[in-house]
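These are my notebook entries on a single protein chain. I record below what I looked up, item by item.

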Amino acid sequence: HLSSPELATYLQHPVHEVRLAVLLIAVYKAKKEPEAMFQLYVNHLDLINNWDLVDVSVASLVGAYLWDKDRSILDEWACTDHLWTQRSALVATLYFIRKDDYRDLFRLGDLLLHHPHDLIHKALGWMLREAWKRKGGRAVEAFIRQHYANLPRTALRYAIEKMPEDQRQQYLKGQFS
């Protein structure tokens, strides 16, 4: 049983897989210690420096913690110059998406729409796809139509991946019904 200070120490380890294991342990511990694990993530954003570290942990450690709280920290993260913090903001919304709350996804999507990095495009498309697969289909389709001209193609392709083929082709061509 590792304490929060011990997890924080191991999270500083230079080996990527050790940091990944720490975050997986934190996800497990977050069920009983949500605030402590949220703080672990927040206090070590600089060490969560790869897509897999973000993707396996942020929804459980940040999204779950913020579910019934002020979420403005996600906007702050989206507006930083740190790629992994920006991705953390976007992927944290996966927790909300799973509860059929898409507001933060669309707000952060607007903020990150013109981001230059494909890892943000992929995260945006992934979150849009997840919302589309749930009850957010119409809202996602409206977001795509509204932002079609500026939506990075990678984000678009990820977002429409599970749509029926004819609908996918319409979105790829910008032909909306």
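I looked up aspartate 104 and found that it is buried, with a relative accessible area of 4%; buried means under 20% relative accessible area, exposed over 50%, and partly exposed in between (1.4 Å probe, protein chains only). The model is predicted, so I note that local features need pLDDT of at least 70 and side-chain atom pairs count only at pLDDT 80 or more, while totals for chains, interfaces and linings use all residues. Residues are numbered from 1 along each chain as its sequence is written, and side-chain values use heavy atoms, with hydrogens and water left out.

**Salt bridges**

I next searched for the partners of aspartate 104. Arginine 71 forms a salt bridge with aspartate 104, the closest N and O atoms being 2.4 Å apart; the term requires a side-chain nitrogen of Lys or Arg within 4 Å of a carboxyl oxygen of Asp or Glu. Arginine 71 lies in the loop between α5 (58-66) and α6 (72-78) and aspartate 104 in helix α8 (residues 103-112), so the pair ties together parts that are 33 residues apart in sequence. Arginine 71 is buried, at 11% relative accessible area.

I also found a salt bridge between aspartate 104 and arginine 107 (2.6 Å, N to O). Both residues lie in helix α8, three residues apart, about one turn of the helix. Salt bridges that share partners join Arg71, Asp75, Asp101, Arg103, Asp104 and Arg107 into one network. Arginine 107 is partly exposed, with a relative accessible area of 31%.

How many salt bridges does the whole structure hold? I recorded 15. Among them is the pair of glutamate 33 and lysine 29, whose closest N and O atoms are 3.3 Å apart.

**Nonpolar core**

I then turned to the largest nonpolar core, which has 62 residues; such a core is a set of buried Ala, Val, Leu, Ile, Met, Phe, Trp, Tyr and Cys residues joined through side-chain atoms within 4.5 Å. Tyr41 and Leu105 are among the residues with the most contacts inside this core. Leaving aside residues up to four places away in sequence, tyrosine 41 touches residues including Leu23, Val62 and Trp77, a contact being heavy atoms within 4.5 Å.

**Whole chain**

I counted 12 helices and zero strands; helices (H or I, at least four residues) and strands (E, at least two) are DSSP runs, numbered from the N terminus. Of the 177 residues, 51% count as buried. The C-alpha trace spans about 55 × 30 × 25 Å along its principal axes.
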